[in-house]
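Please read the following briefing alongside the sequence and the model, with attention to one helix and to the strand pairing.

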Amino acid sequence: MTKFRKLGRPAAHRVSMLRSFSSSPSPIPFFRLVSRTNTLFPVPPRRTMVSQLVKHERIETTVAKAKEVRRLADNMVQLGKEGTLHAARRAAAFVRGDDVLHKLFTEFAFRYKSDKKHCSNVRDRVGGYTRLLRTRIRKGDAAPMAYIE
């Protein structure tokens, strides 16, 4: 078990190990700020942030958190567009608050539905309901901030 520990090794050896690992042709990035399976940003804050995004339609957060929230918010808008009872129950299990759920299934569903009367070649959008606007660097920890709307 001690042969796998990297604590007692000199800094030059650890750097060479990182270089040899990162030079391997792997499609998975070596460093990721927020992973999707084992995340540093747990599920309850993501649920709250998605609910606040739907309620206020614009929030400011860090770029890494905004990228994760964007994926989940697009899924919630897609459920709102479906409009079925099953989709409503799936969305209600994730978002917090009845007002947020009502807004998803009325305002957002109407806003993003495909209106095929005007143009026959308009396809139903399956994503891209949110956008990220990078705003500033936060004082204190120099984290890049962004608006998500």
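Two strands count as paired if DSSP finds at least two bridges between them, where strands (E, at least two residues) and helices (H or I, at least four residues) are DSSP runs numbered from the N terminus. This is a predicted model, in which local features need pLDDT of at least 70 and side-chain atom pairs count only at pLDDT 80 or more, while totals for chains, interfaces and linings use all residues. Residues are numbered from 1 along each chain as its sequence is written, and side-chain values use heavy atoms, with hydrogens and water left out.

**Strand pairing**
- Strand β2 (residues 132-137) runs antiparallel to β3 and is joined to β3 by four bridges, with Ile137 standing opposite Pro144 in β3.
- The hairpin of β2 and β3 has six residues between the strands, and Gly140 takes a positive phi near 105 degrees there.
- β1 and β3 also pair in the antiparallel sense, over four bridges, and Thr62 stands opposite Met145 in β3.

**Helix α2**
- Helix α2 (residues 43-56) has 14 residues, and Glu57, which follows α2, has a positive phi near 65 degrees.
- Arg46, Met49, Val50, Ser51, Leu53 and Val54 of α2 are buried, that is, under 20% relative accessible area with a 1.4 Å probe and protein chains only.

**Contact of α2 with α3**
- Arg46, Met49, Val50 and Leu53 in α2 meet Glu68, Val69, Arg71, Leu72, Ala73 and Met76 in α3, contact meaning heavy atoms within 4.5 Å.

Note on methods:
The expected span of a helix is 1.5 Å times one less than its number of residues. Buried means under 20% relative accessible area, exposed over 50%, partly exposed in between (1.4 Å probe, protein chains only).
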